[in-house]
Amino acid sequence: MTSSSRASRGDRQGETKPSRTSAESSHVINNLDLCAQMSTKAGSEVLFEKVGNAGVITLNRPKALNALNLTMIRHIYPQLKNWDKDSETDLVIIKGAGEKAFCAGGDIRAVTEAGKAGDSLAQDFFREEYILNNTIGTYQKPYVALIDGITMGGGVGLSVHGRFRVATEKTLFAMPETGIGLFPDVGGGYFLPRLQGKLGLFLALTGFRLKGRDIQRVGVATHFVQSDKIVSLEKDLIDLKSPSNSDVAQLLDSYQEQSSLDAEKPFVLQEQTEAIDRLFSAGSVEEIMENLKRDGSAFALKQTETLAKMSPTSLKLTFRQIQEGARMSLQEVLVMEYRLSQACMRGHDFYEGVRAVLIDKDQSPKWKPSTLSGVSEQAIEECFSSLGERDLKL
């Protein structure tokens with residue numbers, strides 16, 4: 001969730017529906033039950049279509065980079081449940097409207113305002129988003145996320161836990177939450193520590209951005225397909241008859257084989273992979289900072305500068321989240337992350353980070369505590385404590 005994408009989250013929407021191809025138009029069957037329940041506004045924010053035996057979800061807030069809000073979550077969740085039980089739905093495709101983004105994150109401004117006002121949205125948004133993430137992670141039918149464009153924060157949660165994630169040269173991935181006093185949630189504690197070596201921890205702490213083919217190389221995406229082939233790919237996915245996961249994989253593999261763009265380009269972190277594994281192998285964030293300063297290379301110094309701008313509390317929360325998450329199931333991670341989200345709602349840095357990055361845009365957050373040494377182990381421990389009856393239930 002970049003500052004620009006998060007800033008867009010509070011934007012209001014009134015976008016028109018994306019035009020359908022003639023092939024789609026001829027046999028689109030709208031889910032009438034769902035549409036009847038929708039308000040006009042909700043209907044414009046997320047679109048559901050039944051095209052042949054495929055359920056197609058379109059996140060439709062292009063002016064807001066398809067940022068995810070609670071209304072959208074409350075429509076996507078029951079629709080996924082319905083399609084999972086429907087014998088005439090064989091697979092689900094999720095995509096974003098417009099040219100720029102799949103989904104740039106969640107509606108963080110609304111959450112910030114709710115948290116300040118003590119409104120229940122500060123609990124409801126995270127709870128229902130994480131339940132949706134778990135539904136995607138346990139989905140029985142093939143689930144294909146076409147992550148063509150910016151994919152951060154909440155957009156990662158809508159895609160990374162699904163079986164198939166298709167990146168293009170336009171895809172931009174990052175989890176930069178430590179820069180606004182949060183942590184890489186939506187199951188970040190599950191998928192990040194499962195990336196190669198210490199790469200996940202590095203991405204989680206620094207918010208480093210990956211682009212295009214590199215997203216598939218690290219395993220965040222399962223496939224790389226050139227953007228100009230996505231419309232054709234979607235049509236071929238829809239035309240599959242009662243596809244198994246292996247049928248979908250075979251089709252995606254064939255499209256990847258036809259996509260040679262940037263194939264010769266080395267992985268952006270290829271020369272730093274060994275350094276990342278060495279420098280980020282530590283028992284604490286303080287040790288990582290010491291490793292970086294001692295190393296003294298241009299890469300290490302740049303990471304020192306980056307981490308110095310982040311919320312010290314967020315860095316420590318994230319470090320432990322990634323450590324713990326490596327040994328947990330997705331469900332256990334989401335329960336843990338819900339506790340962390342509510343700790344951030346009770347704290348100072350989240351509101352200050354949003355103010356500095358999104359509202360006043362002075363890029364000068366005043367973190368409390370302002371140093372890593374000022375963040376006590378007891379304070380971190382409390383963030384991981386059970387919420388009792390208010391714990392997330394999956």
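Four strands line up in an open sheet, in the order β5-β7-β9-β10, with mixed pairing. Here strands are DSSP runs of E at least two residues long, and helices are runs of H or I of at least four, both numbered from the N terminus; two strands pair if DSSP finds at least two bridges between them. At the edges sit β5 (101–103) and β10 (210–211), each of which pairs on one side only. The model is a predicted one, in which local features need pLDDT of at least 70 and side-chain atom pairs count only at pLDDT 80 or more, while totals for chains, interfaces and linings use all residues. Residues are numbered from 1 along each chain as its sequence is written, and side-chain values use heavy atoms, with hydrogens and water left out.

Inside this sheet, strands β7 (residues 150–152) and β9 (residues 172–174) run parallel and are joined by three bridges. Met-152 faces Ala-174 of β9 across the pairing. Ile-150 also belongs to β7, and its C-alpha atom lies 8.7 Å from that of Ala-174, a residue 24 positions away along the chain. With a relative accessibility of 17%, Ile-150 counts as buried; the cut-off for buried is under 20% relative accessible area, with exposed over 50% and partly exposed in between (1.4 Å probe, protein chains only). Setting aside neighbours within four places in sequence, Ile-150 is in contact (heavy atoms within 4.5 Å) with Leu-65, Lys-100, Ala-101, Phe-102, Cys-103, Ala-104, Lys-170 and Leu-172.

Strand β2 (residues 46–51) has six of its six residues buried, so the rest of the structure largely encloses it. Cover comes on both faces: Val-46, Phe-48 and Lys-50 are buried on one side, and Leu-47, Glu-49 and Val-51 on the other. The partner of β2 is β3 (residues 54–59), and the two pair in the antiparallel sense over six bridges. Val-51 stands opposite Ala-54 of β3. Two residues lie between the strands of this hairpin, and Gly-52 takes a positive phi near 60°.

Then there are the helices. Two packed helices are described by the angle between their axes and the distance between the axes. The axes of α7 (residues 121–137) and α18 (residues 330–346) come within 10 Å and cross at roughly 165°, where axes are lines fitted to C-alpha atoms over the stretch in contact and angles run from 0 to 180 degrees between N-to-C directions. That makes the two helices, α7 and α18, roughly antiparallel (over 145 degrees; under 35 is roughly parallel, 65 to 115 roughly perpendicular and the rest oblique). On the α7 side, the residues making the contact include Phe-126, Arg-127 and Tyr-130, and on the α18 side they include Leu-334, Glu-337 and Tyr-338.

Elsewhere, Gln-303 has its place in helix α16 (residues 298–309). Gln-303 is buried, at a relative accessible area of 5%. Apart from its neighbours within four places in sequence, Gln-303 is in contact with Phe-202, Thr-206 and Leu-292.

Taken as a whole, the chain has 20 helices and 11 strands. Of its 394 residues, 58% are buried. Among contacts with a separation of 6 or more, 75% are between residues 24 or more positions apart. The chain exposes about 16,300 Å², with carbon and sulfur atoms supplying 48% of it; this area comes from the Shrake-Rupley method with a 1.4 Å probe, and for residues only the protein chains shown count as cover.
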